[in-house]
Structures are given as structure tokens and as C-alpha cells.
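Please open the structure in your viewer and keep the selection tool at hand. The stops below are meant to be taken in order, one selection after another.

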Amino acid sequence: MIMTTTTTPAPRAGRREWIGLTVLMLPLLLVSMDVSVLYFAVPFISAELRPTATEQLWIFDIYGFVLAGLLITMGALGDRIGRRRLLLVGATAFGAASLLAAYADSTATLIAARAVLGVGGATLMPSTLALVRNMFHDAKQRGTAIGIWTATLTGGIAIGPVLSGILLEHFWWGSIFLINIPAMLMLLLLVPLLVPEFRNPAAGRFDLISAVLSLGALLPVIYGIKEMARDGLSTVRVLAIVGGLVVGALFLHRQRTRAYPMVDLALFRRPGFAGSLAVNLVAMFAIVGFAIFTTQYLQLVLGLSPLRAALWSLVPSLAVGGVAPAAAALAQRVERAYLIGAGFGIAVLGFVVLTRVTPETPLWLLLVGASVYAGGLVMVMSLVTELVLGAAPPEQAGVASALTESSSELGGALGMAILGSVGAAVYRREIVDGLPAGLPADAGAAAQETLAGALAVAQGLPADLADALRHAAAVAFTDGLHLAAYAAMAVMLLGAVTAVVALRGIRPADPTALAAEPTGPADTSLSSLSR
């Protein structure tokens, strides 16, 4: 085999690639929106389909569970059959499932449609990020593109409830799904024209057993963590997590022993890869785990309507919209590890502001604190995403993207479980001392469960007693918010130390350096695909 060496500069993306990036942001925006788009639709769905409490939970959760469980499988599949091809298949499935969900005439049909939406979402998310890695070879341009990708992902989650509320003001609940279809049709028309195909011709056969094992590892763990965050410890939830970890060990063993593994564990030995995934998990721990506190503060402490609360919650997203691209530009001059550490430091400042929030403080204080911590964490996420993709060979960009998004899902689930538990424990402890005298015992017991429970109890009480209970519950909730903010600060400081220690000196791989490595027939085929 003839060994070749080239040192040509990395090609810069042109107008076609940037327009292609814009098109790729469509499915990413819709997939991230579908995580939160049901928030306001539940009363309308319940009135028409009459789901049980368990069915209602599955309408909400099945999308996220399927999405998280299939990310690694779909990332590996895209590396083998082609990322653009998988994107188009996923867009077709996502559009068809959206149509089915919009006109679902039973709870079972809606749950099934949401599950297929999760399958489609699992194909779209790693495909879009992997294609960004393959389309933008210049390090500076790639950093900017990944920053736009990160901002779109986080923005979609924030936009979902607002768009849902606006649509439900004028149309029936199925409209929140129908908005997906025009975007997916546009994607099917434009992607073949603007986005080139990429795959790994040396990836080997797809391993179905590994795919089943990855699903059996991720799904029970994320399910168990999220259910504990919602309803506390139980034997079933602990067994789900333990079972998932056992299956995960079997998955890793299979990857070590196969000639063509679904996930090449050698990736984790590449400088900066494992450290970047860990840092990404820490960032998502805080940004997702603390979101429930800001949402409840807006709705339950300040008494805003769901739509007004959703509109105000857009402020942090709008405030930090340019952070990710700006961080990418700054990373051309400053060591990334220190920038990531600084991002965690900025997040700490945001949480410090949130420790000053009380039931009587003005709304702007909460928005400032949320904007500051969100800005710092978006900065972290965009930079570590670039490091993960830069550390992975281009032919493994699909599975690297999927691992990044899997760490995000796991970090978010852990954040909701741990920070939510901290806040709930403080609330239950503090509300006991704050309950007004003369409150009936059964009402006091209900008020001690949650802030929403206390407000529901207050509706049936005399005015003076109701006001006293509302105030005591709001104070107990903000005390819990404060301790959760302190816990998040501690985790952010840990993340900053981890970033500086594990990522110092690490830079995204230079495509010219990759080109200078010895290449054989497989690499020649890959380069021909990129053309």
C-alpha cells in the first residue's frame, strides 16, 4: 500500500455550505422544540382523548425516552449508510409521525406517534451535527457553525412552549404537530441539493445486538433517574438503573471484542474526547436541572399565566443568542480549556444572583441570574461540542455526535433528579415551620408536598389563612431554590477544574494534520465521497 502525505490547507466553506447549514438547522429546531411543545396542550388533549394519569405521562415522556435510547444506534448507523441518507429517512419518519399525532383519535395512537417522533429525532440530531463536522473543514468556520448548532438546539427548547401557546390560542391541539410538516418537506427538497453525502466505508457491518444493548443500557438508566426526580425513590426505579448499568457493561464488553464495534472505544483514548463529554454532562446538569425552578417561580410564585411565563422565559435565550458564535471566535485566540473554565465561572455568577431571589424581588433579578448562568453554560457547550467532534476522526463523526447528545440527555436527567431533590427536601423541611396557625391537619399535609399543592389548598381557605399559606410556601420554595443554586455552583466549580485539568492544551483536530496522516484506500474513498 502506497503511503501519501499532504499538507494542503483546509478548504474553506462557501455559500453552498452556509446555506446548507441553515437548512440543517430546521430539523434540529423542530426536534428540540418537540421536547417542550406539549406543555400547554395537555388540557386540550386530556379533554378530547381522556387519557389516564399513566397514559398522560407516557404522552409526555415516550418521545424523550426513545430519542435518548436510540441516539448512539442512529449515530453509528449514519456512519455506515450515509449521514445525509439517514437524515432524509428520519425527516420522512418525523413528518409522517407528526401528521399521525396531529390527527390521533386515541391515546394509544398519540403515544405511538410520539414514539415514532422520538425515532425520527434520534436520526436527525446526530446526523445534523455530524454533517456540520464534515461540511466545515476550516477550524474557525467549524467553530462558528457548531456555535450556531448549539444556539439552535437550546433556543428550540425555549421556543417550544411559546409557539405551542400561540398556536393553541387560535387552532386545535393538533396544530402543534402540523407545523413540523412544511419544514420536513423543505428539508427533503433542499438537503439533496445543498448537503453532500458522507459515510465511513470502513465501518463494517451494522451490529444489531450492540444496538439492542445500547438501548437496554441507556433507556432504563434515564427512565429511572427521571422518574426518581418526579416521584422519588422506589424499588422499580432503582432496579431500572442497576439493570441499565449491567446491560451497559455488556455493551462495553461487546465493543471491546468485536472487529467492527458500533462504538470504537479507542475514541475515549483520544486527547480531550472523554474529558469533553464529562464537561458537557456537567453543563447540561445545571442548565436542565435548574430550569424547573425558574419555570415554577414564574408560574407559581409570581402567578404568571403559562403563556406569559413562557414568554418571559425566552429572555435568557434571546440574551445569550450570540454567545456560542462569539465563544468560537474567541477560541481562536484563547486556550479553550480556560474559556470553558471561564464559562463555568460565569455560570457561578448567575447562580450567585439567583441566591438573592425572594418572593418579593422584582422579576428582572431572576431574568438576569438566569441569563448569566445560561450564557456561561451555552459557551461551555459550544466549545466542548467542537472539541468532541475535533477529537474524533471525520469518518466517526456520527457516533461522536451521538455520544455528545447522550451525555447531554444523561446530564439533564441527573440535574433534574439531584437539584430537584435538593429543592424538594428544603421545601418540605421549611414549610413545616411556616404553616399558619389554625390550618387543618389534612390541608397542612397536602401543603407540605409541593408548592403547587400548597397553592391548591389555599384556594379553599379563608382569605387571611390562604395568604399566609401562599407566603409560607413561596418562602419555602425560594429557600429550596437557593440551596439548589449553591449545589449547582459547587458542580460548576468542579466542571471548571475538570475542564482546565483534562482539556488544557487540547485543540480541535486540524484537517490538514489529519490529511497528513498515512492514508489508504478507505481514506481515498472517504475523500471522494466528500467531493
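Throughout this tour, two residues are in contact when heavy atoms of theirs lie within 4.5 Å. What you see is a predicted model, in which local features need pLDDT of at least 70 and side-chain atom pairs count only at pLDDT 80 or more, while totals for chains, interfaces and linings use all residues. Residues are numbered from 1 along each chain as its sequence is written, and side-chain values use heavy atoms, with hydrogens and water left out.

Begin by selecting Ala476, which lies in helix H20 (residues 463-503); helices here are DSSP runs of H or I with at least four residues, numbered from the N terminus. Ala476 has a relative accessible area of 1% and is therefore buried, a word used for values under 20%, with exposed meaning over 50% and partly exposed in between, for a 1.4 Å probe and protein chains only. Which residues does Ala476 touch, not counting those up to four places away in sequence? They are Val426, Tyr427, Glu430 and Ile431. If you also select Asp433, 43 residues from Ala476 along the chain, you will find the two C-alpha atoms separated by 9.4 Å.

Next, go to Val23 in helix H1 (residues 15-33), a residue that is buried at a relative accessible area of 6%. Once neighbours within four places in sequence are left aside, Val23 is in contact with Leu187, Leu190, Val191 and Leu194. Leu100 lies 77 residues from Val23 along the chain, and the C-alpha atoms of this pair are separated by 24 Å.

For a contrast, select Arg50 in the loop between helix H2 (42-49) and helix H3 (53-81). Is Arg50 buried or exposed? With a relative accessibility of 66%, Arg50 counts as exposed. Its phi is positive, at about 50 degrees, although Arg50 is not a glycine.

Now move to Ser210 in helix H9 (residues 208-231), where the relative accessible area is 0% and the residue is buried. Leaving aside neighbours within four places in sequence, the contacts of Ser210 are Phe251, Arg254, Gln255, Arg258 and Met262. Then select helix H10 (residues 235-257), whose 23 residues should span 33 Å at 1.5 Å a residue, in agreement with the 33 Å between its end C-alpha atoms; the expected span is 1.5 Å times one less than the number of residues. The buried residues of H10 are Arg237, Ala240, Ile241, Gly244, Gly248, Phe251 and Gln255.

The last stops are two helix pairs. Two packed helices are described by the angle between their axes and the distance between the axes. Select helix H4 (residues 83-102) with helix H5 (residues 107-135), which pack at about 155 degrees with axes 8 Å apart; the axes are lines fitted to C-alpha atoms over the stretch in contact, and angles run from 0 to 180 degrees between N-to-C directions. H4 and H5 are therefore roughly antiparallel, the term for angles over 145 degrees. Their contact has 15 nonpolar, nine polar and two charged residues, where Ala, Val, Leu, Ile, Met, Phe, Trp, Tyr, Cys and Pro count as nonpolar, Asp, Glu, Lys and Arg as charged, and the others, Gly among them, as polar.

Finally, select helix H15 (residues 336-354) and helix H16 (residues 363-391), whose axes come within 7 Å and cross at roughly 160 degrees. That angle makes H15 roughly antiparallel to H16, and the residues of their contact divide into 20 nonpolar, four polar and two charged.

How values were computed: Helix = DSSP H or I, 4+ residues; strand = E, 2+ residues; numbered from the N terminus. Parallel < 35°, antiparallel > 145°, perpendicular 65-115°, else oblique.
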